[in-house]
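Look through the sequence and the model before reading on.

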Amino acid sequence: MTELKILHSPEIYLFETKQVNPFSTNVLKDFIYYLKYTGKKGLINFSFSGNLESAHSNLSIKENYILDAVPTSLIKDKEDNFQMTSDNLENIHLKELIKATDCINRLVKDLSCVEKKLVGIVKALLSESEYVFMDAPDKYIDNELLSTVKAALEYESTHNQRTVLISPYKKEKWLDVATHWVIKDSDNKYIKQRMRLG
């Protein structure tokens, strides 16, 4: 008998990015501060896709994915089961993104900016974290690929109850999927505004 999965309203938060120097703030810290500010206690189980490289450059794409996706119990004597792990993914959009990284035995240091960005996004989605933090996931990515990224994020949020926090490169590219807008007021306090019905 197939187990029915309960769908949840997506939670995709866009963060205001108004800094003059984009390197002056630590986006990861902002995400964590926001969660603590809203009452999250204890350790925060998250994965992160950075504005710059968030994959290990001297490892292959596949080795990067294995770090986040393959349970230790499936790795024996340097033999991994990444193919099995990826074949069993229910998120078809994530499968498409893995396929788009092509030739996963290439080293990350040899990839283009677009490919590195995509590997970082996939790596963050492959983990089973409660929160997915993304810094400028739309940077370098064309609109067609970005549609798949957005569909993968929506799937993870609705089917796997993951909360997605995004600091966008261009906020207008995310208005169709974002559920909340997070800004800081003049007192540097966070304000959460609902953007659309879930």
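## Helix crossing and sheet

Helix α4 crosses α5 in a left-handed manner. The model is predicted. The two axes, of α4 (residues 92-101) and α5 (residues 113-126), come within 10 Å and cross at roughly 145°. From α4, the contact takes in L94, L97, I98, A100 and T101; from α5, L118, V119, V122, L125 and L126. Nine of these contact residues are nonpolar, one is polar and none is charged.

Next, the sheet. Six strands form an open sheet with mixed pairing, in the order β2-β3-β4-β1-β5-β6. β2 and β6 (190-194) are the edge strands, each pairing on one side only. From one strand to the next, the twist averages 20°.

| Strands | Sense | Bridges | A bridge pair |
|---|---|---|---|
| β2 (residues 46-49) and β3 (residues 131-135) | parallel | four | F48 and F133 |
| β1 (residues 12-15) and β4 (residues 163-167) | parallel | three | L14 and I166 |

Helix α1 (residues 27-37) packs on the sheet and touches β1, β2, β3, β4, β5 (180-184) and β6. The direction of α1 makes about 140° with that of β3. α5 lies across β2 and β3, and runs at about 165° to β3.

Which residues of β2 are on the covered face, and which on the uncovered one? S47 and S49 make up the covered face of β2, F46 and F48 the uncovered one. In a regular strand, side chains alternate between the two faces of the sheet.

Notes: Residues numbered from 1 in each chain as written. Predicted model: local features only at pLDDT ≥ 70, side-chain atom pairs only at ≥ 80, totals over all residues. Heavy atoms only, no water. Buried < 20%, exposed > 50% of the residue type's maximum accessible area, 1.4 Å probe, protein only. Helix = DSSP H or I, 4+ residues; strand = E, 2+ residues; numbered from the N terminus. Pairing = 2+ DSSP bridges. Axes fitted to C-alpha atoms, helices over the stretch in contact; angles between N-to-C directions. Left-handed = near helix turned anticlockwise from the far one by under 90°. Contact = heavy atoms within 4.5 Å. Nonpolar A, V, L, I, M, F, W, Y, C, P; charged D, E, K, R; others polar.
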